[in-house]
Amino acid sequence: MMVEKTPKLDLFTYGALILGIIAVGFPILYAIIAATLSLEEVSRVPMSMIPGDQLFNNLHQAWTQGDLGTQLYNSFIMASGITLGKIIVSLFGAFSIVYFDYRLRSVAFAAVFCTLMLPVEVRILPTYEMAANLFGPLQGIWDALGLNSIVSWFAGHDIEVNLDFSLLDSYAGLILPLTASATCTFLFRQFFLTIPEELCEAAKMDGASPMTFFWRILLPLSKTNIAALVVIEFVYGWNQYLWPLLITTDPKMTTAVIGLKSLLPSPEDPPDWHIAMAGALIVMLPPVLVVIFMQRWFVKGLVEREK
Amino acid sequence: MIKKRSYFKSRSLPYLLILPQVLITLTFFYWPAVQGVVSSFQLSDPFGLYTKFVWFDNFIALFKDPLYLKSIATTLFFSGSVAFVSITFGLFLATMANRVLKVTTLTRTLLIWPYAIAPAISGILWLFLLHPSYGVVAIFIEDFLGIDWNPLLQSSHAMLMIVMASAWKNVSYNFVFFLAGLQAIPHSLIEAAAMDGASPFRRFWTITFPLLSPTMFFVTVMTIIFSFFESFGIIHAVTQGGPGGSTNILVYKVYQDGFIGLNLGSSSAQSVVLMSLIILITFLQFKYVERKVQYTG
């Protein structure tokens with residue numbers, strides 16, 4: 001938006017932008033160069049800024065050494081599961097809140113809304129306990145009511161009822177607790193509220209059932225919003241750290257972002273930074289590609305969230 | 001609450017539709033949160049063999065603990081620095097990008113992608129850049145500034161490292177919002193001011209900046225939430241709270257005391273403190289959003 005001619009300021013603008021882009025890109029550029037070097041080259045001080053020819057060797061070594069195949073697969077399942085789960089759960093939730101009138105509607109809305117204030121970081125231990133035994137609360141009620149003795153009396157011998165169902169080290173455990181999201185439900189609610197009333201009236205007049213209206217009219221209209229959320233939630237899911245760290249102990253269930261730590265050279269090891277950087281590049285690639293190629297949806301989704 | 005003029009009538013369907021969300025929310029949000037609050041008033045041994053109700057003892061112990069007070073100070077300094085660096089830089093880049101309308105899409109592409117990088121990976125990249133023996137930035141600091149640089153041993157250097165890793169990751173997020181905010185400002189306002197003879201700098205400070213204040217508020221809140229909670233990955237992957245607890249921010253301390261140290265009462269009390277904090281932030285945010293309507297309307 002050039003209002004008047006300001007050649008000096010324009011020059012400064014371009015200069016600052018180029019410098020800014022370089023500054024933002026430098027850590028990645030440096031990582032890419034390191035990933036192409038050999039151990040000898042990468043531990044030279046200062047490291048050469050000319051790319052070497054070891055890229056594929058390093059990528060391969062990072063892949064096998066860090067068991068990235070398994071971990072990327074886990075990350076992919078987790079990220080897609082969270083994305084899909086969140087979108088389905090919030091679409092139905094928002095549909096219920098906007099298009100129906102029922103007694104507990106406000107209560108449901110408030111309950112969903114308040115989860116905004118409870119990120120996993122503030123309820124680490126109890127959520128872990130919950131996942132470790134999903135029916136823990138029921139067991140408590142069971143014990144409190146003394147139902148064991150009643151059941152034993154009926155059966156005629158001693159019966160211990162143990163409600164035990166663990167989500168630890170499972171895909172369900174990685175995905176399920178992260179699929180309820182107030183932000184997604186909000187976004188769909190805001191969007192549904194902007195849809196003209198006439199559509200719903202017309203559908204009702206034609207005798208369409210609520211679910212027909214949902215599948216045939218609401219869902220196609222929400223395509224853009226869904227696309228935007230797919231990008232955001234996939235990146236969110238892929239980059240999860242604390243929750244997978246808590247709930248997985250089996251190395252076969254670790255996600256790539258967490259597993260990457262094992263490639264970091266410790267002070268006693270040879271400084272394998274070229275391998276660590278090659279691994280980092282592999283793990284960051286999927287979400288970066290998603291963001292770059294779906295940039296339009298992504299920006300739209302991000303900015304919509306603010307409203 | 002707003003609702004549609006035209007809606008469906010069904011006795012069971014709406015409950016069925018909202019059921020998945022309510023079930024997950026109750027199971028993984030509310031029940032654990034209540035449990036957390038309850039155990040913050042209890043004292044128990046690591047094996048769960050006995051528990052005792054101790055009222056506010058855990059909280060009193062917490063706020064008497066110099067390590068916890070230090071962690072609060074560390075967190076405040078950390079998030080303040082991250083907010084300052086990433087907001088200043090993000091706003092600057094957005095202002096520049098907004099001036100050159102033609103290349104905005106390309107510029108945006110080149111500036112946006114650190115958003116997609118996990119905090120932990122950002123931490124690893126910066127650990128390499130600032131590594132005392134191999135990092136190129138570290139060598140620059142040692143040679144040109146003459147500082148004996150070592151973020152693995154020096155508290156302030158470690159802090160600088162995690163601030164850079166967090167701020168770098170956040171710049172692109174802030175950039176996207178500032179650019180959107182700038183593009184939403186009516187061009188006629190800028191033109192009118194230019195006609196009145198206001199220089200580009202004056203226009204920025206008297207028109208653009210005040211009109212950007214809702215975005216500024218939102219971005220600040222999001223950055224603070226990020227540095228309070230999501231920076232966990234950076235700390236865990238890179239410093240583990242060290243050296244000497246100098247990067248032990250509150251969320252990492254909750255994890256360390258509760259999950260590693262198995263000090264349930266104290267960890268729960270810390271969680272409750274964090275919970276109160278985020279409730280406060282959310283309330284402030286929504287109070288402000290109400291006002292924001294007048295700006296954009």
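Tutor: Gladly; let us take some labels one by one, keeping in mind that this is a predicted model.

Student: Why is Asp169(A) called partly exposed?

Tutor: Asp169(A) has 14 other C-beta atoms within 10 Å. Buried needs 20 or more and exposed needs 12 or fewer, so a count in between is called partly exposed. This residue sits in the loop between helix H8 (147-155) and helix H9 (171-175) of chain A.

Student: What makes the phi of Asp169(A) worth a remark?

Tutor: Its phi is near 55°, a positive value in a residue other than glycine. Most residues other than glycine have a negative phi. Gln240(B) also has a positive phi, of about 50°, and is not a glycine.

Student: And how do you know whether Gln240(B) is buried, exposed or partly exposed?

Tutor: Count again: Gln240(B) has 13 C-beta neighbours inside 10 Å. Look for Gln240(B) in the loop between helix H11 (232-239) and helix H12 (250-260) of chain B.

Student: What makes Ala280(A) and Ile121(B) a contact?

Tutor: Two residues are in contact if their C-beta atoms lie within 7 Å, and Ile121(B) is among the contacts of Ala280(A). Both are also among the residues that touch the most other members of the largest nonpolar core, which has 157 residues.

Student: Which helix gives the largest share of this core?

Tutor: Helix H7 (residues 155-184) of chain B, with 15 residues.

How values were computed
Residues are numbered from 1 along each chain as its sequence is written. Chains are lettered from A and ligands numbered from 1 in the order in which they are written. This is a predicted model: local features need pLDDT of at least 70, side-chain atom pairs count only at pLDDT 80 or more; totals for chains, interfaces and linings use all residues. A nonpolar core is a set of buried Ala, Val, Leu, Ile, Met, Phe, Trp, Tyr and Cys residues joined through C-beta atoms within 7 Å. Helices (H or I, at least four residues) and strands (E, at least two) are DSSP runs, numbered from the N terminus. Lists of a residue's contacts leave out its neighbours within four places in sequence.
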